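Please look through the sequence and the structure below before reading on.

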Amino acid sequence: FFTEDASHEMQTPLSIIKSKTELLMQNPSLMRDDENATSVQAIARAVSRLSKLNKSLLLITKINNNQYEEKEQIRFDELLKLYLVDLEELFEAKELTVKTDIRPCTLQMNANLAEILLSNLLSNAIRHNRMSGWIELLLDNSRFIITNTGNSGIKGNENLFTRMSFHNKTKDSLGLGLNIVKSICDKNNFTINYTYPDDHIFQIKVTF
């Protein structure tokens, strides 16, 4: 439980740093100086990343410590459709073409983890995509496959499920999204793997 305890202990100082940084950013005399403004903004970005990292590590620890044991029947196909509606603006902002083949799918799992699983997989497909790219989704009662275009040269040799893997890291990415997905799959006895059908295409498959 060390990671969980450490994450909780970090929350308070991170909150203090964040609040103090926000106060500094509201100080006109300070922010008028370009050098000061650049430094304060850099601190704000660093604190934001640390806060997200802390939450991700805490989530992984809770999953691995079986703190999401309560399970129920989840209509995964209906949940996916709801998420796609919520993400429409993000798809449009990046001009992504989304093709779907969604069939009935019922899973016995924790409802919160089902949402986190979907959120991380879809966010990953959007974040690491290119402008005017595409995403293809296939879901049935035995598998969920996401195939998407990516930025040039996305293919790599590193293990994307290894903790703190920074595959194609963007400024808003911590490299822990797929690690969280892997933890959820392991706890539910799902099989997850990924392939590169082409140098510019990434595919991830979850088998239930």
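In what order do the five strands of the open sheet lie? In this predicted model, the order is β2-β4-β5-β7-β6, and the pairing among these strands is mixed. The edges of the sheet are formed by β2, residues 97–102, and β6, residues 191–198, each of which pairs on one side only. On average, and with direction ignored, neighbouring strands of this sheet are turned by 10 degrees against each other. As a general point, strands of a sheet pair through backbone hydrogen bonds, and they do so either in parallel or antiparallel fashion.

One of the helices, α6, spans residues 111–127 and lies across β4, β5 and β7, running at about 20 degrees to β5.

Helix α4, residues 76–86, shows how a helix can have two unlike sides. Its buried residues are Phe76, Asp77, Leu79, Leu80, Tyr83 and Leu84. Because these residues cover an arc of only 160 degrees around the axis, they are on the same side of α4. On the other side of α4, Leu82 and Asp86 are exposed.

In soluble globular proteins, nonpolar side chains tend to be buried together. The largest nonpolar core of this model has 42 residues, and those touching the most other members are Phe76, Leu121, Phe144 and Ile146. Helix α6 gives the most to this core, with nine residues. If residues up to four places away in sequence are not counted, phenylalanine 144 touches a list of residues that includes Phe76 and Leu80, Leu118 and Leu121, and also Leu137, Ile204 and Phe208.

Finally, consider serine 56, which lies in helix α3, residues 34–64. Serine 56 counts as buried because its relative accessible area is 14%, and the cut-off for a buried residue is under 20%. Although serine 56 and isoleucine 180 are 124 residues apart in sequence, their C-alpha atoms are 7.6 Å apart in space. For the chain as a whole, residues 24 or more positions apart account for 71% of the contacts with a separation of 6 or more, and buried residues make up 39% of the 208 residues.

Methods
Residues numbered from 1 in each chain as written. Predicted model: local features only at pLDDT ≥ 70, side-chain atom pairs only at ≥ 80, totals over all residues. Heavy atoms only, no water. Pairing = 2+ DSSP bridges. Helix = DSSP H or I, 4+ residues; strand = E, 2+ residues; numbered from the N terminus. Axes fitted to C-alpha atoms, helices over the stretch in contact; angles between N-to-C directions. Contact = heavy atoms within 4.5 Å. Buried < 20%, exposed > 50% of the residue type's maximum accessible area, 1.4 Å probe, protein only. Arc of directions from axis to C-beta. Core = buried A, V, L, I, M, F, W, Y, C linked by side-chain atoms within 4.5 Å.
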